[in-house]
Amino acid sequence: MSDALAAADQRRVTLIGLLDLTSAFDCVDHSLLLQRLERTFGLSGMVLRCLTSYITGRSRQVAYCSQMSPTQSVQFGVPQGYVLDPLLFVLYTADLSRVVADHVLVTHQ
């Protein structure tokens with residue numbers, strides 16, 4: 001808010017873009033995350049293989065009124081409820097600040 005008020009005082013235009021991250025963990029692309037972990041953060045070998053195993057090859061099934069849905073492969077998202085999951089999401093979105101800065105904009109996260 002302080003930046004917006006300072007810009008208004010200088011008669012500069014301020015645009016505010018808000019990003020809803022309600023279901024953000026469900027939208028993580030597995031291949032893009034693994035590629036980022038390797039290229040941007042230098043993970044390789046056993047560490048990358050363990051993370052690949054952790055992220056990929058998952059399935060889901062819903063139980064309702066004693067009925068089971070068919071099993072479906074999970075193509076997107078990181079598992080939730082573990083300490084590692086928020087870290088993986090932060091690493092997945094780490095380039096966002098660079099992209100914003102490349103367009104001469106300011107971000108607050």
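Author: What follows treats the pockets and then some features of the surface.

The model is a predicted one, and the values given below are computed from it. The largest pocket has a volume of about 1,200 Å³. Its lining consists of 28 residues. Those that lie nearest the centre of this pocket are Leu-15, Gly-17, Val-106, Thr-107 and His-108. Three helices, namely H1 (2-9), H4 (84-92) and H5 (95-102), each contribute at least two residues to the lining of the largest pocket. Helix H1 provides the largest share of that lining, with five residues. When the residues that line the largest pocket are sorted by class, 18 are nonpolar, eight are polar and two are charged.

The second largest pocket holds about 170 Å³ of space. A run of residues from Ser-73 to Gln-80, that is Ser-73, Val-74, Gln-75, Phe-76, Gly-77, Val-78, Pro-79 and Gln-80, belongs to the lining of the second largest pocket. Phe-25, Asp-26, Arg-58 and Arg-60 also line this pocket. By class, the lining of the second largest pocket comprises five nonpolar, four polar and three charged residues.

The surface may be taken next. Leu-19, Leu-21 and Leu-96 together make a nonpolar surface patch of about 300 Å². Of these, Leu-21 is situated in the loop that joins H1 and helix H2 (30-39). The relative accessible area of Leu-21 is 48%, so Leu-21 counts as partly exposed.

Two residues in the loop between strand S2 (63-64) and strand S3 (67-68) call for comment: Cys-65 and Ser-66. Cys-65 has a positive phi of about 50°, although this residue is not a glycine. Ser-66, likewise a residue other than glycine, has a positive phi near 65°. As for accessibility, Cys-65 has a relative accessible area of 58% and is therefore exposed. Ser-66 is exposed as well, because its relative accessible area is 78%.

Terms used. Residues are numbered from 1 along each chain as its sequence is written. This is a predicted model: local features need pLDDT of at least 70, side-chain atom pairs count only at pLDDT 80 or more; totals for chains, interfaces and linings use all residues. Side-chain values use heavy atoms; hydrogens and water are left out. On a 1 Å grid over the protein atoms alone, a cavity is a set of points where a 1.4 Å probe fits but cannot get out, and a pocket is an open set with protein on both sides within 12 Å along at least five of seven lines; lining residues have an atom within 4 Å of a point. Grid points are joined across faces, edges and corners, and a volume is the space filled by probe spheres set on the points. Helices (H or I, at least four residues) and strands (E, at least two) are DSSP runs, numbered from the N terminus. Ala, Val, Leu, Ile, Met, Phe, Trp, Tyr, Cys and Pro count as nonpolar, Asp, Glu, Lys and Arg as charged, and the others, Gly among them, as polar. Patches are made of residues with over 30% relative accessible area and no salt bridge: like charges are joined within 9 Å, nonpolar side chains (Val, Leu, Ile, Met, Phe, Trp, Tyr) within 5 Å. Accessible areas come from the Shrake-Rupley method with a 1.4 Å probe; for residues, only the protein chains shown count as cover. A salt bridge is a side-chain nitrogen of Lys or Arg within 4 Å of a carboxyl oxygen of Asp or Glu. Buried means under 20% relative accessible area, exposed over 50%, partly exposed in between (1.4 Å probe, protein chains only).
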